[in-house]
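Here is a quick walk through one model, written for someone who likes to check contacts and angles by eye. Have the viewer open and follow along.

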Amino acid sequence: MRYIVYLAIAASLLLVSCNSEPTLQKFFVENSEKKDFIALDVSSDILRLDETSLTSEQKQALDAFDKVNIIAFKSTDKNQKEYQAEKAKLNGILKKEEYQQLIKVGSGSQGASISFVGTEDKIDEFILYANKKENGFAVIRVTGDEMNPTHIMTMLSLLQKSNIDLEQLKPLQGLMQ
């Protein structure tokens, strides 16, 4: 009998501890296979950098980044209800306290924002979100280990110097047309 009580307590604790709140990661996972979405995981080799020519600061910035996930919803005349619903879900997620917004531009039918998760010195996620009613929306989620603003600025300068492998981004072409 005591065994059954312990088992019931353990099961109830397990159920209570499960978090069913929507998160950006859950949004990516739940929608990555849906027909109106395009999902990509981009590796760091997309930059095609000669690592022997990088400074120690550039190598440190590159090492701070783990991966880049991209999800985009292609808007059409036929899926406007789904577009609005998915955009509302995404906006709700990004309004949570853990997502600290750095900048927001635009309004209603189009706009963009940059947010992060973590502290200013130890950023865990960097999120770029853009939407335009005619095209849809896209979210770029950059995850890393203790990234900081200097790492991000260094990565942006590396992007300018890189020879980006556009083949990895080919699935996004349909969104831009």
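## His151 and its surroundings

Let's start with one side chain: beyond its neighbours within four places in sequence, His151 is in contact with Gln60, Ala61, Ala64, Phe65 and Glu146. The model is a predicted one, so keep that in mind as you click around. His151 sits in helix 5, which covers residues 149–161. Its relative accessibility is 9%, and since buried means under 20%, His151 counts as buried.

Glu146 is partly exposed, with a relative accessible area of 42%. Its backbone is worth a look as well: Glu146 has a positive phi of about 55°, although it is not a glycine.

## Where helix 3 meets helix 5

How do helix 3 and helix 5 cross? The axes of helix 3 (residues 56–64) and helix 5 come within 9 Å, and they cross at roughly 100°. Angles of 65 to 115 degrees count as roughly perpendicular, so helix 3 is roughly perpendicular to helix 5. On the helix 3 side, the contact is made by Glu57, Gln58, Gln60, Ala61, Leu62 and Ala64. Helix 5 brings His151, Thr154, Met155, Leu158 and Lys161.

With a relative accessibility of 7%, Thr154 counts as buried. Not counting residues up to four places away in sequence, Thr154 touches Glu57, Gln58 and Ala61.

Strand 5 (residues 123–132) and strand 6 (residues 136–147) pair in the antiparallel sense over 9 bridges, and Asn131 stands opposite Phe137 in strand 6. Strand 3 and strand 4 (residues 110–118) also run antiparallel, joined by 7 bridges. There, Ile103 has Ile114 in strand 4 as its bridge partner. How many of the 8 residues of strand 3 are buried? The count is 0, and strand 3 is hardly covered.

Helix 4 (residues 80–94) passes a simple length check. At 1.5 Å a residue, its 15 residues should span 21 Å, and the end C-alpha atoms are 21 Å apart, which agrees. Which residues of helix 4 are buried? They are Tyr83, Glu86, Lys87, Leu90, Ile93 and Leu94. Looking down the axis of helix 4, the buried residues fall within an arc of 120°, so they line one face of the helix. What covers them includes helix 2, strand 1, strand 2, strand 5 and strand 6.

Between helix 4 and strand 3 there is a loop, and Glu98 is found in it. Glu98 is partly exposed, at a relative accessible area of 40%. Not counting residues up to four places away in sequence, Glu98 touches Phe116 and Val117. Glu98 and Gly118 are 20 residues apart in sequence, yet 7.5 Å apart in space, C-alpha to C-alpha.

## The whole chain

Zooming out, the protein chain has 6 helices and 6 strands. Read along the sequence, they follow the pattern α-α-β-α-β-α-β-β-β-β-α-α. Of the 177 residues in the protein chain, 34% are buried. Among contacts with a separation of 6 or more, residues 24 or more positions apart account for 65%.

Conventions:
Residues numbered from 1 in each chain as written. Predicted model: local features only at pLDDT ≥ 70, side-chain atom pairs only at ≥ 80, totals over all residues. Heavy atoms only, no water. Pairing = 2+ DSSP bridges. Helix = DSSP H or I, 4+ residues; strand = E, 2+ residues; numbered from the N terminus. Expected span 1.5 Å × (residues − 1). Buried < 20%, exposed > 50% of the residue type's maximum accessible area, 1.4 Å probe, protein only. Arc of directions from axis to C-beta. Contact = heavy atoms within 4.5 Å. Axes fitted to C-alpha atoms, helices over the stretch in contact; angles between N-to-C directions. Parallel < 35°, antiparallel > 145°, perpendicular 65-115°, else oblique.
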